[in-house]
Amino acid sequence: MGTDELILSQAQELRRGTAVLACLALLEQPQYGYALLETLGDAGIAVEGNTLYPLLRRLEKQGLLVSEWNTEQSRPRKFYRISAEGARVRTALLHEWQALDASVSRLTKGER
């Protein structure tokens, strides 16, 4: 594996973990999957549909999201929003993210 492929692979691992926090952060207001993909992409968090949709189903199964179908438009869409439990998990994950960010920043600045 070349350096470029290795970097892409490692970057994908970093993004995979951040997708959960990003989804929990964005779903305070209900959104359907495709709109969420666009919002994430616009924010610089590239997630593919074949990654996002299983993630949304998993988070719903874990009780972190709730969903409902909107059939008022020509095409039915499943809207997701964060649950109360999801909001508690989001807060904890955000604190974890901030602590990790601070730790990595210290390490990359040579501080230990």
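1. Start with Arg 90, which is found in helix α4, residues 84-108. The model is a predicted one, and that applies to each point below.

2. Is Arg 90 buried or exposed? Its relative accessible area is 18%, and the cut-off for buried is under 20%. Arg 90 is therefore classed as buried.

3. Which residues does Arg 90 touch? Leaving aside residues up to four places away in sequence, the contacts of Arg 90 are Leu 21, Leu 24, Ala 25, Glu 28 and Ile 82.

4. Helix α3 covers residues 49-61, which makes 13 residues. From its first C-alpha to its last it reaches 18 Å, close to the 18 Å expected at 1.5 Å a residue. Just after α3, Gly 63 has a positive phi of about 85°.

5. The buried residues of α3 are Leu 52, Leu 55, Leu 56 and Leu 59. Viewed down the axis of α3, the buried residues fall within an arc of 100°, so they line one face of the helix. The face turned away from that buried side carries Asn 50 and Lys 61, which are exposed. The cover over the buried residues of α3 includes two helices, α1 (3-26) and α2 (33-42), and two strands, β2 (65-70) and β3 (77-82).

6. Both of those strands belong to an open sheet of 3 strands, with the order β1-β3-β2 and antiparallel pairing. Strands β1 (31-32) and β2 are at the edges and have a single partner strand each, so one side of each is left without a neighbour in the sheet.

7. How many bridges join β2 and β3? The two strands pair in the antiparallel sense over 6 bridges. As for individual partners, Val 66 is bridged to Arg 81 in β3.

8. The largest pocket has a volume of about 300 Å³.

9. One is Arg 90 with its contacts, among them Glu 28 and Ile 82. Another is the buried face of α3, with Leu 52 and Leu 59 among its residues.

Key: Residues are numbered from 1 along each chain as its sequence is written. This is a predicted model: local features need pLDDT of at least 70, side-chain atom pairs count only at pLDDT 80 or more; totals for chains, interfaces and linings use all residues. Side-chain values use heavy atoms; hydrogens and water are left out. Helices (H or I, at least four residues) and strands (E, at least two) are DSSP runs, numbered from the N terminus. The expected span of a helix is 1.5 Å times one less than its number of residues. Buried means under 20% relative accessible area, exposed over 50%, partly exposed in between (1.4 Å probe, protein chains only). The arc is that of the directions from the helix axis to the C-beta atoms. Contact means heavy atoms within 4.5 Å. Two strands pair if DSSP finds at least two bridges between them. On a 1 Å grid over the protein atoms alone, a cavity is a set of points where a 1.4 Å probe fits but cannot get out, and a pocket is an open set with protein on both sides within 12 Å along at least five of seven lines; lining residues have an atom within 4 Å of a point. Grid points are joined across faces, edges and corners, and a volume is the space filled by probe spheres set on the points.
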